[in-house]
Amino acid sequence: MRARLEIAGETGSVRVIELDRDSYSLGRSPDNDITYPADTRLSRRHLLIHLHNGAWVATDQGSKNGTLINGQPLTAAWALQPGDRIQAGQLTLTYLEASPVQPAFLDDAETSVPAGRTIAIKLDSLMGAHGADLPAFGREHDASRRMQALIEAGRELAGHKPLDELFPLILNLAAKAVGASRGMVITRSHGELVPRAVMGAGLKVSRAVTEQVLGERTSMLVRDTSAENALAASMTIVAQRVKSLMAAPLQTKDAVIGLIYLDSPGIVRDFTPEDLNLITVMANIAAVRLEHARLAEIEQAERIMARDLEQAAEIQRSLLPADAPALGGFQIAAHTIPCRSVGGDYYDYAWAPDGRFAFVVADASGKGLPASLLVSCLQARLLTLIEDPMPLGEMARRLNRGLTAKCPGNRFVTVFMALLDINTGEIEYSNAGHNPPLLMRASGEVETLEAGGPVMGLIAAAPYSSARVQMHPGDMLLAFSDGVPEAMNAADEEFGDGRLLQYATHARAWPAETIVKTLCDGVDRFAGGAPQADDITVLALRRQG
């Protein structure tokens, strides 16, 4: 039994790892066995796949963003079963097992082909060491016919047909070239074999054949299936009265993306070794064309996605306050830096009906478009609630109930919401699982604003409370998302709460706008060019002295 991982990246590229050692580590760090340094959602050491009591087991290595197994959080060691799907960062890993059949192969140097034996060839040996020589196609008449088939295939596949139209075209060209009456083009998709084009009513392909061709990257010709023990026992082959068959891998330079299968029920026409050579070369041409078409479609989809994300980012920016309001003896400023086109951080200002000034900082779990949609939902509900006078704790409870009803089970939002009386300097606040803001006193003392309740969006009946603090002249309140203390540099060192507190202590007498700008710049300098792993938001409120 051989096991392997098929690793699909965000762009659709697939990497196959044959599990022939005892353990494999995956993460951003170059000292992992499987490394993806550009995937900022991966931790440096994210996942371990290892053998335990003869079974392959997946274990999360305490990653920051977590790991999913078949859509559920991976919280303990998981014994992998064929078809299990692991999501780590932007990667999807599919665990597969295979037991390929072992037909009787002829030696590559053998020229005579006894009846009832399986002929197997590989593309590299057929095309020569450098891929420069065309294979021999037998007698002059047959060689000319097969060369014409290759020319036709090259001409037909050189156009700009969409991917879905290429599959039947490839099958028709292959069947015509060797006189096959039935056939199928099959590709891999997320670890599964998917028929893309079929010729022949009710055609089924033996799994023994597909596993052999894909597992060994080998074209095969069986002139008499009844003489092959492994294939003669296949119910698929017996039921369909398959006498002779051929299959060739759709093989690019680096990967096998599927196969072409052709057969003849009964005695219609025996396939020859030259036919196998031809189909092997045609399958290579087809695979390259399919891969180019697939990459072109991915590129087009990425262009559309980039355009849509830019429009979404523009809309999201328009939802943020355009200018800081005039607050008498107070200054307020805020800024957010999404780590992608759109982000899950949010801040806002509004005036409550009782004359108090409301401000909020929130952070939706995750990043990108899903998180941005969640904060848009939060904003709409919050601005509606502010218009209805009520205690802040009750407002938090209602906001949480509304979010929980719409929030997916694995998503949540942290929220710090506050009401400022600009005449007295009193702040009423409620903190729903957010990083506690720092209240920097003019005297140098520091208070953290923690009262409130749990994160929003998970438990509809969660209780929330509020608390009150007094801001005196010279005091400064600094609110932020976790992207600030958790920002990392190239050495995997966090900015940390200590640096943040040191900065806030030093900057508490500065204008609010200067506090926000210099903190964002300081985090950027600390990262030193390392990829930004999370959205960053900073809000500063200062009572002038």
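How many of the residues of β21 are buried? In this predicted model, the count is 8 of 8, so strand β21 is mostly covered. The two faces of the strand tell the story in more detail. On one side lie Val 413, Val 415, Met 417 and Leu 419, and on the other lie Thr 414, Phe 416, Ala 418 and Leu 420; every one of these residues is buried, which leaves both faces of β21 covered.

Strands β20 and β21 run antiparallel and are joined by 8 bridges. Within this pair, Phe 416 of β21 has Val 361 standing opposite. Strand β22, residues 426–432, also runs antiparallel to β21, and here 6 bridges join the two. Leu 419 stands opposite Glu 428 of β22. The strands β21 and β22 form a hairpin with 5 residues between them, and in this hairpin Gly 425 takes a positive phi near 85°. As a reminder, the strands of a sheet pair through backbone hydrogen bonds, and the pairing can be parallel or antiparallel.

The chain has 545 residues, of which 48% are buried. Its secondary structure comes to 11 helices and 28 strands. Among the contacts with a separation of 6 or more, 62% are between residues 24 or more positions apart.

Leaving aside residues up to four places away in sequence, Leu 477 touches Phe 359, Ile 427, Pro 437, Leu 438, Leu 439, Leu 449, Met 471, Leu 539, Ala 540 and Leu 541.

Searching the whole structure gives 3 cavities of 30 Å³ or more. The largest cavity has a volume of about 90 Å³. It is lined by 15 residues, and the closest to its centre are Ala 358, Phe 359, Val 360, Leu 382 and Ile 386. Two or more lining residues come from each of β19 (345–351), β20 (357–364), α8 (368–386), α9 (392–406) and β21 (413–420). Strand β19 provides the largest share, with 4 residues. What classes of residue form the lining of this largest cavity? There are 14 nonpolar residues and 1 charged residue, with no polar ones.

The second largest cavity has a volume of about 60 Å³. Its lining consists of Gln 316, Leu 319, Leu 320, Asp 345, Tyr 346, Ser 372, Val 375, Ser 376 and Gln 379. The elements that give two or more residues to this lining are α7 (273–319), β19 and α8. Helix α8 makes the largest contribution to the lining of the second largest cavity, with 4 residues. By class, the lining of the second largest cavity has 4 nonpolar, 4 polar and 1 charged residues.

Leu 47 has Asp 60 as its bridge partner in β6.

The loop between β5 and β6 holds Asn 53. This residue has a positive phi of about 55° although it is not a glycine. Is Asn 53 buried or exposed? Its relative accessible area is 75%, and because exposed means over 50%, Asn 53 counts as exposed. Asn 70 sits in the loop between β7 (67–69) and β8 (72–73). The phi of Asn 70 is near 55°, again a positive value in a residue other than glycine. With a relative accessibility of 41%, Asn 70 counts as partly exposed.

Definitions and conventions. Residues numbered from 1 in each chain as written. Predicted model: local features only at pLDDT ≥ 70, side-chain atom pairs only at ≥ 80, totals over all residues. Heavy atoms only, no water. Contact = heavy atoms within 4.5 Å. Pairing = 2+ DSSP bridges. 1 Å grid on protein atoms, 1.4 Å probe; cavity = no way out; pocket = protein on both sides within 12 Å on 5 of 7 lines; lining within 4 Å. Points joined across faces, edges and corners; volume = space filled by probe spheres on them. Nonpolar A, V, L, I, M, F, W, Y, C, P; charged D, E, K, R; others polar. Buried < 20%, exposed > 50% of the residue type's maximum accessible area, 1.4 Å probe, protein only.
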